[in-house]
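Take a moment to look over the model that follows.

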Amino acid sequence: MNRQAFRTKVFKWLRRLALGFVVLLLFVAMGRPVQIYLDSQYHGERGPYLQMLGHDSVTIHWQTSQAEAGMVRFGLQPDRLDRQVKEAQAGEKHQVRLTGLKPATRYWYSVGAAGQGGNGEAKASQFSTAPPPGSDRPSRIWVLGDPGYVSDMVEWVRDSALEWMDEHPRTGGVPLDLILTTGDNAYRSGKNREFQAAVFDIFGDLLKRYPYWPAYGNHDARRWAYFDIFNFPEQGELGGEPSGTENYFSFDYANIHFVFLDSEDSDRDADGAMAEWLRRDLSATRQQWLIAVFHHPPYTKGSHDSDDPFDSRGRQTDMRENIVPLLEQAGVDLVLSGHSHVYERSHLLDCHYGKSTELQADMVLDTDGVFEKRGERLSPHAGAVYAVVGASGHINTGTLDHPVMAFSKSELGSLIVDVEGTVLRARYINQLGEEVDRFSITKGVATAVKRSGSCSPSS
């Protein structure tokens, strides 16, 4: 074989190899959406869980292994479920909205197929509707941080927190009102079966009674299951301004205005759609307390570093520089995040929008953990507490030396927040049921430190 023929043969071989490689890439690329779709599905039983709970309504979800038209029977007594709502169409996934309920009232309910006999009292569970918006009825909030790891550890955290709540009953009402998370509800890739294992298998009995409000984490975002499983008030159904998206939203519960933001997928620019909605929402609320929840922490030195602009592709920096100023201008009281698998809790802080080395003394308004704020309602730049709650299912470590933090520890646990009138009290309970950290915020203290005027991201 002469040299030219050899070159021609090699060229043809390389061309076939390159073509085969391109075909392989196209096959993989085309198969990826199919795999994501399949991973986002779940076929099987899933017990009832509460979503979109308000003062006069609630949505009850559940799933069956076979298609059927679902029905919810409910009433004021467990042995008298005398009201019912039926689904119009049969399916495996069921979603029934109950409306016209009384505020701050306990209801009993059961789920099943339309046309079943009896009233289902043997399987009845219960929930309590929210108090009227603006009321100062006490509220208890349980915050789980990155709970999506399936292990004994998250069960230890669950059981120790529930035992602590039993031993320390809150003032009046049921033992608990809301379950919040700081994101990453299912590891490692947000598959529907991972949500089943991490959320419903571990917390299922609780989700029948208490509404579950998860933040959107980076692991949740890897499949489509998250928004299929949960639903959120994108049209302002529970108070707050309509956002037009389930990625970020707000709702009122008693005297608290909750804002859930998307630090993962949505535009985090100061003039982006989320920020513009946030401005409208915060300017409209008249609630006494403001609590913000999102996944990526603006301040952390745990398993992530908020000083590093490349960490998490700058999401922590974006939230600190572009979103935190809007929250502080509105008078935010508590900001909850996860992502770092540690627990960190700040001093009473205001106007710190740069790296940790740029912290100035006058940005720390109070340090003793018994924080006081001027005004009984939302007051701009009166200070906020930032808590990184990311160790309910797994722990990592880091330098844990961010200067805004009053307390930092790599220890499993969850945060229990009680709000009563003008006082907020929070406690971090570890996997042994021990109270590792506590802080409180009291409003309406005339002598409390408050910044005069506003501050800019460059201050």
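The lining of the second largest cavity is made up of 8 nonpolar residues, 1 polar residue and no charged ones; here Ala, Val, Leu, Ile, Met, Phe, Trp, Tyr, Cys and Pro count as nonpolar, Asp, Glu, Lys and Arg as charged, and the others, Gly among them, as polar. You will find P297, P298, Y299, V335, S337, Y386, A387, V388 and M405 around this space. Two elements, β14 (334-337) and β19 (385-389), each give two or more residues to the lining, and β19 gives the most, with 3. Strands are DSSP runs (E, at least two residues), numbered from the N terminus.

A cavity is a set of points on a 1 Å grid over the protein atoms alone where a 1.4 Å probe fits but cannot get out, and lining residues have an atom within 4 Å of a point. The model is predicted: local features need pLDDT of at least 70, side-chain atom pairs count only at pLDDT 80 or more, and totals for chains, interfaces and linings use all residues. Residues are numbered from 1 along each chain as its sequence is written, and side-chain values use heavy atoms, leaving out hydrogens and water.

The lining of the largest cavity includes P214, Y216, F227 and E246, and divides into 8 nonpolar, 1 polar and 1 charged residue.

Now turn to an open sheet of 3 strands, ordered β1-β2-β5 with antiparallel pairing. Its edge strands, β1 (46-51) and β5 (91-98), each pair on one side only. Strand β2 (residues 58-68) pairs with β5 over 7 bridges, where pairing requires at least two bridges found by DSSP. Within β5, K93 is the bridge partner of Q63.

Terms used: 1 Å grid on protein atoms, 1.4 Å probe; cavity = no way out; pocket = protein on both sides within 12 Å on 5 of 7 lines; lining within 4 Å. Helix = DSSP H or I, 4+ residues; strand = E, 2+ residues; numbered from the N terminus.
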